[in-house]
Amino acid sequence: AVRACGGAWRRTWQRGALGPGPARRGQHAAACNARAGAVPAGKSGLAPWMPVVGLEIHAQISSNSKLFSGSQVQFAAPPNSLVSFFDASLPGTLPVLNRRCVEAAVMTGLALNCSINKKSLFDRKHYFYADLPAGYQITQQRVPIAVNGSLSYSLCIDNKMSQMVTKTVRIKQIQLEQDSGKSLHDDTRSQTLVDLNRAGVGLMEVVMEPDMCCGEEAAAAVRELQLILQTLGSSQAVMAEGQLRVDANVSVHHPGEPYGVRTEVKNINSIRFLAKAVDYEIQRQIEELENGGTILNETRAFDSKLGCTVPMRDKEGKQDYRFMPEPNLPPLILYDAKSLPANMNHQQVVNIDWIHERLPDLPSVKRAKLVEQYGILPEHSFTLLNEDGLAEFFENVVNQTQMKPKKVIGWIINDLLSHLRQHSVTVKESPVSSLLLADLLNLLVKKDISSTAAKQVLAELWKGEGKTPLEIVKEKKLGLIQDEKELEQICQAVIDRQENE
Amino acid sequence: MRVLRLCRWLRALPVPPVRALRSAVPPRPAWQHGEPRPGAQRKVTAEVLGQLEHLALVDFRDAEGVERLQKAIWFADQLQEVNTDGVEPMDSVLEDRCLYLREDDVTEGNCTKELLKNAREKVEEYFVAPPGNIPLPKLEDQETFLQGS
């Protein structure tokens, strides 16, 4: 079932309140508002639009060697140095499946509540491109390794971080496939330079059903998937290094009518850009249809500098991939505790139940544990897990201080995190260790300093000069004066000064 | 039996003075599958032909080429007459074999020089390819046979 963002799309469309878009937006919004009051002129005057967003995510499997060959998987390396004869598709070479990639796919499938197909098949998908030397990609189109799962993610409504709502997107399938090489386009010399280091690296393609309806939902779902993959270790899922690639399929339609024509948006390099690209494309399609135009079933690229999508040059017209079974690979058989054959070599067996028992705690479970153990709010648990290493830091501070976790969390999320963001530093690189922060918070709990003073001390500690909180307090005389007589003297001095003026 | 008798008869023939090689392959097809199945499509449309040319990068060149393609399609179409209800498709004779799983070790690579030996052009250890996919001109702009059909 497709869910609309509670009609928010119609409201924002009328207000014209969404980011940069086609130039005519200003007048358009005014016209819509005028119509809103008056009698609707045309049929499509006030009908709400329901956007539909589906995602295809390619996650590079974290393994030492490639999916079908023994060459190394590494991000930056001299061009064409990590390429075997099979990767260059020289004649006479054959694919040999990597066991680690199968295990990674099974782990991901189990984490996303999929049913694992005990027998899955490999196919060839044919298309011509310079970075695909064989002319086909080995993938799993007919019977993939995992099907019918779900991914739950949370969104803050109304940008306030105070109310979070949980949504689910269905996972259609997860399949194993090969990556292609990289092409560098040299337009000045009218040529393309091809580097095959990435050709043949194992990918898990996660296909999601079109259950989402805006950029924010898509971004939240991808973020959650990224955290899951990183927790499992099946992929490092760093979008900047191309280990996680997302293509969005976007269409709009009126409720009650069949789905509209969809366009595919590619070249999205970060989660923020994903939200922008999806929102822009939805807006573009609505405006196009409102103006009586039609949407072409095409592939568009997202231009991050201009914040818009443009048609892609090479993907005109419908592609015919001529799928055929991969003749060099027999079916992939997976076993569980019941079907495990007695006399098989352990190295040749992938046992689904064995993998299931060894799955680490998924992010949702970790968050629930943090909330239960420390009494923090769910939104805080999200922030803790979103930042790499922050949850550990928080737990270390709590263990070394007398301050209650509910108060510690405020210091972590408001103060420490803002310092980290300001200086673009990760938790691991933080100049303030958990011990130092715990010492500082202890001073606060004992009421030796005020909370404003504590913030000053934290700023001093950030300079990383090796002083302890106590030393800084003494140096800057930030200590709270508890002695009543002294306080009386100070107050009297202030009053006297006032009288003299 | 008929074949054996035929061979003996051939060998019994007097050998002509000019040593001509007698081929067992008849000079003309002895039989032809000339007609499409009843109910099947008779002709391949120009649009489909254009798409085939675009995808497979072939040029049908003239009417004979297209005719040959059509006859080939009718010939392959005979497969549709076989009843496959309830039969599992077999796509590989390997289906009963065990798929070998390799350990995740690095055993290959580092042969840049050897691989680049095959490349006609190279730039600093990259293979050189033409820019992107140069799309074939559309059917209207082509000067091929299909224009006239």
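At what angle do helix α8 (residues 378-386) of chain A and α9(A) pack, and how far apart are their axes? In this predicted model, the two helices pack at an angle of about 115°, and their axes are 6 Å apart. Angles of 65 to 115 degrees count as roughly perpendicular, and α8(A) and α9(A) are therefore roughly perpendicular to each other. From α8(A), the residues Thr383(A), Leu384(A) and Leu385(A) meet Leu390(A), Ala391(A) and Phe394(A) of α9(A). By class, the residues of this contact are five nonpolar, one polar and no charged.

Helix α9 (residues 390-400) of chain A also packs with helix α10 (residues 405-422) of chain A; their axes come within 10 Å and cross at roughly 135°. That angle makes α9(A) oblique to α10(A). The crossing of this pair is right-handed. On the α9(A) side, the contact is made by Leu390(A), Phe393(A), Phe394(A), Val397(A) and Val398(A). Their partners in α10(A) are Pro405(A), Val408(A), Ile409(A), Ile412(A), Leu416(A) and Leu417(A). The contact of α9(A) with α10(A) comprises 11 nonpolar residues, with no polar and no charged ones. Leu390(A) and Phe394(A) are among the α9(A) residues that meet α8(A), and both are also among those that meet α10(A).

Another helix pair is formed by helix α4 (residues 215-232) of chain A and helix α5 (residues 271-290) of chain A, which pack at an angle of about 150° with axes 8 Å apart. This makes α4(A) roughly antiparallel to α5(A). Here α4(A) passes α5(A) in a right-handed crossing. The α4(A) residues Gly215(A), Glu216(A), Ala218(A), Ala219(A), Val222(A), Arg223(A) and Gln226(A) meet Ile271(A), Leu274(A), Ala275(A), Val278(A) and Asp279(A) of α5(A). Seven of the residues in this contact are nonpolar, two are polar and three are charged.

| Helix pair | Angle | Axes |
|---|---|---|
| α8(A) and α9(A) | about 115° | 6 Å apart |
| α9(A) and α10(A) | roughly 135° | within 10 Å |
| α4(A) and α5(A) | about 150° | 8 Å apart |

As for domains, chain A is divided into domain 1 (50-325) and domain 2 (363-484). The C-alpha centres of domain 1 of chain A and domain 2 of chain A lie 39 Å apart. Nine residues from domain 1 of chain A and nine residues from domain 2 of chain A take part in the contact. Between the two domains of chain A, the buried area is about 770 Å², and carbon and sulfur atoms give 56% of that area.

How values were computed. Residues numbered from 1 in each chain as written. Chains lettered and ligands numbered in written order. Predicted model: local features only at pLDDT ≥ 70, side-chain atom pairs only at ≥ 80, totals over all residues. Heavy atoms only, no water. Axes fitted to C-alpha atoms, helices over the stretch in contact; angles between N-to-C directions. Helix = DSSP H or I, 4+ residues; strand = E, 2+ residues; numbered from the N terminus. Parallel < 35°, antiparallel > 145°, perpendicular 65-115°, else oblique. Left-handed = near helix turned anticlockwise from the far one by under 90°. Contact = heavy atoms within 4.5 Å. Nonpolar A, V, L, I, M, F, W, Y, C, P; charged D, E, K, R; others polar. Domains from an automatic or database assignment. Buried area = accessible area lost by both parts, 1.4 Å probe.
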